[in-house]
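Here is a short briefing on one structure. Keep the sequence and the model side by side while reading.

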Amino acid sequence: MTDDPLRPALDDLLDDLYAGQERLTQGEIHRRAVAAELPAELLTRINAMPEGEYADDEAADLLGGTSP
């Protein structure tokens, strides 16, 4: 199994996003990812998330990051 080269950027984003937050919407995650100028492949993953609210571990599972 190979490591995902986007995982560090994703993990950093999720750490920043969820600091002091329990749940965030897919839209908020996407807006913050765009503002952080993350790679297009990661933005595509975020766009593919169903609309709704996510806890940090749920977002990490869907996007391929690591849960805290």
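Which elements do the buried residues of helix 2 pack against? They pack against helix 1, strand 1, helix 3, strand 2 and helix 4. Bear in mind that this is a predicted model.

- Helix 2 covers residues 26-35.
- Its buried residues are Gln26, Ile29 and Ala33. Viewed down the helix axis, these fall within an arc of 65 degrees, so they line one face of helix 2.
- Arg31 and Ala35 are exposed on the other side of helix 2.
- Alanine 35 belongs to helix 2. Its relative accessibility is 64%, so alanine 35 counts as exposed, the cut-off being over 50%.
- Alanine 35 and glutamine 21 are 14 residues apart along the chain, and their C-alpha atoms are separated by 18 Å.

**Glutamine 26**

- Glutamine 26 lies in helix 2. It counts as buried because its relative accessibility is 12%, and buried means under 20%.
- A polar atom of the glutamine 26 side chain lies 2.9 Å from the backbone oxygen of isoleucine 46.
- Setting aside neighbours within four places in sequence, glutamine 26 is in contact with Ile46, Asn47, Met49, Pro50, Glu51, Gly52 and Tyr54.

- Helix 1 covers residues 7-17, and its buried residues are Leu10, Asp11, Leu13, Leu14 and Leu17. They cover an arc of only 160 degrees around the axis, so they sit on the same side of helix 1.
- Pro8, Asp15 and Asp16 are exposed, on the face of helix 1 turned away from the buried side.
- What covers the buried residues of helix 1? The cover includes strand 1 (23-25), helix 2, helix 3 (40-48) and helix 4 (56-63).

**Helix 1 against helix 2**

- The axes of helix 1 and helix 2 come within 11 Å and cross at roughly 120 degrees. Helix 1 and helix 2 are therefore oblique to each other.
- The crossing of helix 1 and helix 2 is right-handed.
- Helix 1 brings Leu13, Asp16 and Leu17 to this contact, and helix 2 brings Ile29, Arg32 and Ala33.
- On the helix 2 side, Ile29 and Ala33 are among the buried residues.

**Helix 2 against helix 3**

- How do helix 2 and helix 3 run, and which residues make the contact? Their axes come within 9 Å and cross at roughly 170 degrees. Angles over 145 degrees count as roughly antiparallel, so helix 2 is roughly antiparallel to helix 3.
- The contact is made by Gln26, Ile29, His30, Ala33 and Val34 of helix 2 and by Leu43, Ile46 and Asn47 of helix 3.

- Glutamate 37 lies in the loop between helix 2 and helix 3.
- Just after helix 2, glutamate 37 takes a positive phi of about 55 degrees. This is a positive value in a residue other than glycine.
- Is glutamate 37 buried or exposed? Its relative accessibility is 71%, so glutamate 37 counts as exposed.

**Glycine 52**

- Glycine 52 is found in the loop between helix 3 and strand 2 (53-55).
- Its relative accessibility is 31%, so glycine 52 counts as partly exposed.
- Beyond neighbours within four places in sequence, glycine 52 is in contact with Leu24, Thr25 and Gln26.
- Glycine 52 and aspartate 3 are 49 residues apart in sequence, and their C-alpha atoms are 28 Å apart in space.

**Aspartate 4**

- Aspartate 4 lies in the segment before helix 1.
- Aspartate 4 is buried, with a relative accessible area of 19%.
- The aspartate 4 side chain reaches the backbone nitrogen of leucine 6 at 2.9 Å.
- Apart from neighbours within four places in sequence, aspartate 4 is in contact with Arg45 and Gly64.

Key: Residues are numbered from 1 along each chain as its sequence is written. This is a predicted model: local features need pLDDT of at least 70, side-chain atom pairs count only at pLDDT 80 or more; totals for chains, interfaces and linings use all residues. Side-chain values use heavy atoms; hydrogens and water are left out. Helices (H or I, at least four residues) and strands (E, at least two) are DSSP runs, numbered from the N terminus. Buried means under 20% relative accessible area, exposed over 50%, partly exposed in between (1.4 Å probe, protein chains only). A polar contact is a pair of N or O atoms within 3.5 Å; within protein, one must be able to donate a hydrogen and the other to accept it, and residues adjacent in sequence count only if both atoms are side-chain atoms. Contact means heavy atoms within 4.5 Å. The arc is that of the directions from the helix axis to the C-beta atoms. Axes are lines fitted to C-alpha atoms, for helices over the stretch in contact, and angles run from 0 to 180 degrees between N-to-C directions. Angles under 35 degrees count as roughly parallel, over 145 as roughly antiparallel, 65 to 115 as roughly perpendicular and the rest as oblique. A crossing is left-handed if the near helix is turned anticlockwise from the far one by less than a right angle, and right-handed if clockwise.
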